[in-house]
Amino acid sequence: MTTGYGLEGGLSRSDSPGALLALVRHMGGATRKDLLNATNLARATLESRLDRLSKQGYIVSREAPSAAGRPPQMFHFNESGGYLVCIDMGSTSTRIGITDLAARLVAQRSVELDLSMGPGVALGKVGTLLRDMIRRAGIEPRLVMGVGVGVPSHVVVSGRMVRLPFDGQASGSWTSMIISDEITAFLPALGIRPVPVLVDNGANTMALGVWRTSWPEVRDMIVLKVGMSISFGIIANSDIVRGAIGLAGDLGHIPDPESAIVCTCGQRGCAVAVASGRGIANLLGTSVGTIHTSSDLVRLQESGREDVADVVK
């Protein structure tokens, strides 16, 4: 998803207050003169937008170093002015993080949570954990500015999951609901005002995070996410590739017609059915006990059991 702020060319694509905020953040701080030169906005328009952003807590100002005369005001993005909630839902475990606006973690929790139990149980648990995390971290709920959710399935534009890594009645419950609407509905009970809730394939959210924090100068990237499932996030020309129905990067479901292993999608020999954590667990059967998470598989592998090693290889 592109930002629409046109950072590479100043504010050529948008001159909204949000675009001005993005520019201040991109520049790492700027004076009025810097912003006037970068935007070509009228001084009155610039002042109005700086005042609005300051009152909303998105930017802060302080005096810049000056050799002589009255020092100019330097405007900076207010990294501590709010918080973001990040929810990474795997098929058998979920991680919740709370960050400041510079993406620095201030709280995080992990919990075993099997999505096959259904959305009511899973999202109810997420809400309970999030309430406890906010309380323990001493965060004012009103300062939460957005929620991002990664799920173990490709997601269509409407916010529904397309293809889950498990079968059963719960699968239909997930694919028939819009997750963002369900999360938005319980936020007021946590004291969080209406904020954007964005849902995407976990591999896409991972790819965006890796790209923006580690290699922002790279225009093309493929990120492989391996756990109880397998998925890919693709960035091409500095944008996430989703495809017409959200299935771009679904490389885990490329079939092998000669394989005898049937995938949940109905095809044979998919990488998800053969090489994912859930696929390996199915191949091992019940002889090794119950496998809930990829960590269980790692522990089995490290235990030195030859039957586990043979299947993993």
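Tutor: With strand β4, residues 83-89, joined to strand β7, residues 144-151, by six bridges in parallel. Helices (H or I, at least four residues) and strands (E, at least two) are DSSP runs numbered from the N terminus. This is a predicted model: local features need pLDDT of at least 70, side-chain atom pairs count only at pLDDT 80 or more, and totals for chains, interfaces and linings use all residues. Residues are numbered from 1 along each chain as its sequence is written, and side-chain values use heavy atoms, with hydrogens and water left out.

Student: What makes β4 and β7 a pair?

Tutor: Two strands pair if DSSP finds at least two bridges between them. β4 and β7 have six, so they pair. Val85 stands opposite Val147 in β7.

Student: What joins β4 to β5, and in which sense do they run?

Tutor: Seven bridges, antiparallel. Ile87 has Ile96 as its bridge partner in β5. The two strands form a hairpin with three residues between them.

Student: Why are β6 and β8 called edge strands?

Tutor: The open sheet has five strands in the order β6-β5-β4-β7-β8, with mixed pairing. β6 (105-112) and β8 (197-201) each pair on one side only. The twist averages 15 degrees from one strand to the next, with angles taken between N-to-C directions from 0 to 180 degrees, on axes fitted to C-alpha atoms (for helices, over the stretch in contact).

Student: Why is β5 described as largely enclosed?

Tutor: Buried means under 20% relative accessible area, exposed over 50%, partly exposed in between (1.4 Å probe, protein chains only). Six of the eight residues of β5 are buried, so the rest of the structure largely encloses this strand.

Student: How do you know that the buried residues of α6 line one face?

Tutor: Ile179, Ser180, Ile183 and Phe186 are buried in α6. Seen down the helix axis, the buried residues fall within an arc of 135 degrees, so they line one face. The arc is that of the directions from the axis to the C-beta atoms.

Student: What makes a set of residues a nonpolar core?

Tutor: The members are buried Ala, Val, Leu, Ile, Met, Phe, Trp, Tyr and Cys residues, joined through side-chain atoms within 4.5 Å. The largest core has 35 residues; among those touching the most other members are Met89, Val149 and Ile183. Its largest share, seven residues, comes from α4. A second, separate core of 16 residues includes Val24 and Phe77.
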